[in-house]
Amino acid sequence: MGPEPDFIEVHRPQGVDLVMLQGHRVTLGRSPTNDVVLDHDGTISSLHAVLESYAGGWTLRDLGSRNGTYVDGTQLVTEQALRGGTEVRLGGTRIVFRSRTTPPSERTESGIVAPTLTPRERDVVRALCRPLFGSEMFRQPATVKDIAAALVVSDGAVKQHLGNLYDKFGIDPRQRSRLTLANEALRRGAVTPAELIRGD
């Protein structure tokens, strides 16, 4: 079993897209030939930036874009190594780098430790997040009905578990949605892309 993949959160108008980083190079830009296509944002160049993988992790490099690439608010001038939680801006698009190799001590300091979940709550989280790593272009977390069917329980039982999970993850009642919960579960390591793809 190989190491769990790092991934990026791409914040698009229709929601957050989670993209696993695989291979040695991942290009980002408006052109459809890129690995990560950002055609929703006219301020992004056709070939804007590239993520490259080294033994020590991922780095980011701007490819002479019109509007620049920013890492944690500072314009990128040279290639820069990325750490878990690093915020990147390409044009008007926010991208967050998530690393599964970040040491536990750093995760604790960043406040991204997952809460303790019951076995059934873990099942609900897995079922909720699994569609985010499917083949559909615009991925959304599973619906209440889909989760209920996958776990062979009632819609009401799923809603009760989701309510408990919102509380455990400390999600503001005004921001409660299945997508917010799925992203928070992934961000805090309650579920990993690798286990969702393997179907654990």
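Trainee: What conventions apply to the values?
Mentor: The model is predicted: local features need pLDDT of at least 70, side-chain atom pairs count only at pLDDT 80 or more, and totals for chains, interfaces and linings use all residues. Residues are numbered from 1 along each chain as its sequence is written, and side-chain values use heavy atoms, with hydrogens and water left out.

Trainee: In what order do the six strands of the open sheet stand?
Mentor: Strands of a sheet pair through backbone hydrogen bonds, either parallel or antiparallel. Strands here are DSSP runs (E, at least two residues; helices are H or I, at least four), numbered from the N terminus, and two strands pair if DSSP finds at least two bridges between them. The order is β2-β1-β11-β10-β7-β8, with antiparallel pairing. β2 (15-20) and β8 (74-75) are at the edges with a single partner strand each, so one side of each has no neighbour in the sheet. β7 (residues 69-71) joins β8 over two antiparallel bridges, and Tyr70 has Gln75 in β8 as its bridge partner.

Trainee: Which strands does helix α5 lie across?
Mentor: Helix α5 (residues 178-187) lies across β1 (7-12), β2 and β11, at about 35° to β2. Axes are lines fitted to C-alpha atoms, for helices over the stretch in contact (heavy atoms within 4.5 Å); angles run from 0 to 180 degrees between N-to-C directions.

Trainee: How do the side chains of Arg25 and Glu52 meet?
Mentor: Side chains of opposite charge can pair when their charged atoms come close. A salt bridge is a side-chain nitrogen of Lys or Arg within 4 Å of a carboxyl oxygen of Asp or Glu. Arg25 and Glu52 form one, at 2.8 Å, N to O. The pair links distant parts of the chain, Arg25 in β3 (residues 25-29) and Glu52 in β5 (residues 49-54), 27 residues apart. The structure holds 12 salt bridges.

Trainee: Which residues line the second largest cavity?
Mentor: A cavity is a set of points on a 1 Å grid over the protein atoms alone where a 1.4 Å probe fits but cannot get out; lining residues have an atom within 4 Å of a point. The lining consists of Ile8, Leu28, Leu51, Leu60, Leu82, Val88, Leu90, Ile95 and Phe97.

Key:
On a 1 Å grid over the protein atoms alone, a cavity is a set of points where a 1.4 Å probe fits but cannot get out, and a pocket is an open set with protein on both sides within 12 Å along at least five of seven lines; lining residues have an atom within 4 Å of a point.
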